[in-house]
Amino acid sequence: MASTVKKAKKSAEALVDESEALELVDGCQNAIDALNEQASEEILKVEQKYNELRKPHYQRRNEYIKRVSNFWIVAIMNHPQISCILEQEEEDCLQYLEKLEVDEFEDIKSGYRILFHFEENPFFDNTVLTKEFKLGSNGESPSSTSTTIKWKPDHDLTKMLPKKMDSNRRKRGLENRTFFDWFTDNNDPINDDIAELIKDDLWPNPLQYYLVPDIEVEPEDDEDGEGGEEFGEEGDEEEVDEVEEEEEKA
């Protein structure tokens, strides 16, 4: 049972003193809240400064990445969460992904966009697919928009894949959507986990996912076999010793 705290009867003087104390606590709390707000503004300024300083490094990194074949699809496939929404046909499509970028708005807090740059491919005519998020910092409701994909005939993966994936994805315990379902879906921008993973995890350091090593399992030693050999060797030595002793006695 939940216990209730009974307030003791207080004198008028005690009540006045307590009221003054609560007003003082409220004043301290207001000062703390003001400092927290000021700190948030200062932190945002620092983030904006370093966001600008990082941009040329991101640009150079993308230039170097172009020299590595299939860099982005390998990094995406090695990402434990993002890879879960990819179907085989989408993997084939993303082989043509030559550059990925995340472009945060200048003030950072109001939104960002994710840009997928593609080589000419058999799936669609677009060279850049963009998904943009506005986080509603000025009292507006959060929203997201996506580039309309100009699918080539008989290659619209958003229409082709659902019929193929339902049973397989249920078996694998995955949510019923694919990469391009995610890209075209703008119903819930606040809870877009894939976008946040791309922005906050994959984009800052894609190299860590590209370089994920292949795990090779080495065969375990046959302890019983080794033990048998050792036992056999020891047995042979004992037999030799016994023969030598008998010869000496003779």
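**Figure 1. Helices and strands of the protein chain.** The protein chain of this predicted model contains nine helices and four strands, where helices (H or I, at least four residues) and strands (E, at least two) are DSSP runs numbered from the N terminus. Read from the N terminus on, the elements follow the order α-α-α-β-β-β-β-α-α-α-α-α-α. Of the 250 residues in the protein chain, 28% are buried; buried stands for under 20% relative accessible area, exposed for over 50%, and partly exposed for what lies in between, with a 1.4 Å probe and protein chains only. Among the contacts (heavy atoms within 4.5 Å) with a separation of 6 or more, 57% come from residues 24 or more positions apart.

Residues are numbered from 1 along each chain as its sequence is written, and side-chain values use heavy atoms, with hydrogens and water left out. Because the model is predicted, local features need pLDDT of at least 70 and side-chain atom pairs count only at pLDDT 80 or more, while totals for chains, interfaces and linings use all residues.

Figure 2. Side chains of opposite charge can pair when their charged atoms come close. A salt bridge is taken here as a side-chain nitrogen of Lys or Arg within 4 Å of a carboxyl oxygen of Asp or Glu, and the count by this rule is six. In one of them, arginine 113 meets aspartate 103 at 2.9 Å, N to O. This pair links distant parts of the chain, since arginine 113 belongs to strand β2 (residues 111-118) and aspartate 103 to strand β1 (residues 97-104), 10 residues apart. Arginine 113 is partly exposed at 23% relative accessibility, and aspartate 103 is partly exposed at 26%. Arginine 113 also forms a salt bridge with glutamate 132, where the closest N and O atoms are 3.0 Å apart; glutamate 132 lies in strand β3 (residues 128-134), 19 residues from arginine 113.

**Figure 3. The side chain of lysine 199.** Lysine 199 forms a salt bridge with aspartate 200, at 2.8 Å from N to O. Lysine 199 is buried, with a relative accessible area of 17%, whereas aspartate 200 is partly exposed at 49% relative accessibility. Lysine 199 also lies over the face of tyrosine 112, at 5.0 Å from the ring centre; a charge sits over a ring if NZ of Lys or CZ of Arg is within 6 Å of the ring centre and within 35 degrees of the ring normal.

Figure 4. The structure holds 14 aromatic pairs, for which rings of Phe, Tyr and Trp (its six-membered ring) must have centres within 6.5 Å, with planes under 30 degrees apart called stacked, over 60 edge-to-face and the rest tilted. Phenylalanine 124 and tryptophan 151 have ring centres 5.6 Å apart and planes at 80°, so this pair is edge-to-face. Both phenylalanine 124 and tryptophan 151 are buried. Phenylalanine 179 and phenylalanine 180 form another edge-to-face pair, with 5.2 Å between centres and 90° between planes. Ring pairs link a cluster that includes Phe116, Phe118 and Trp182, and lysine 131 lies over the face of tryptophan 182, at 4.7 Å from the ring centre.
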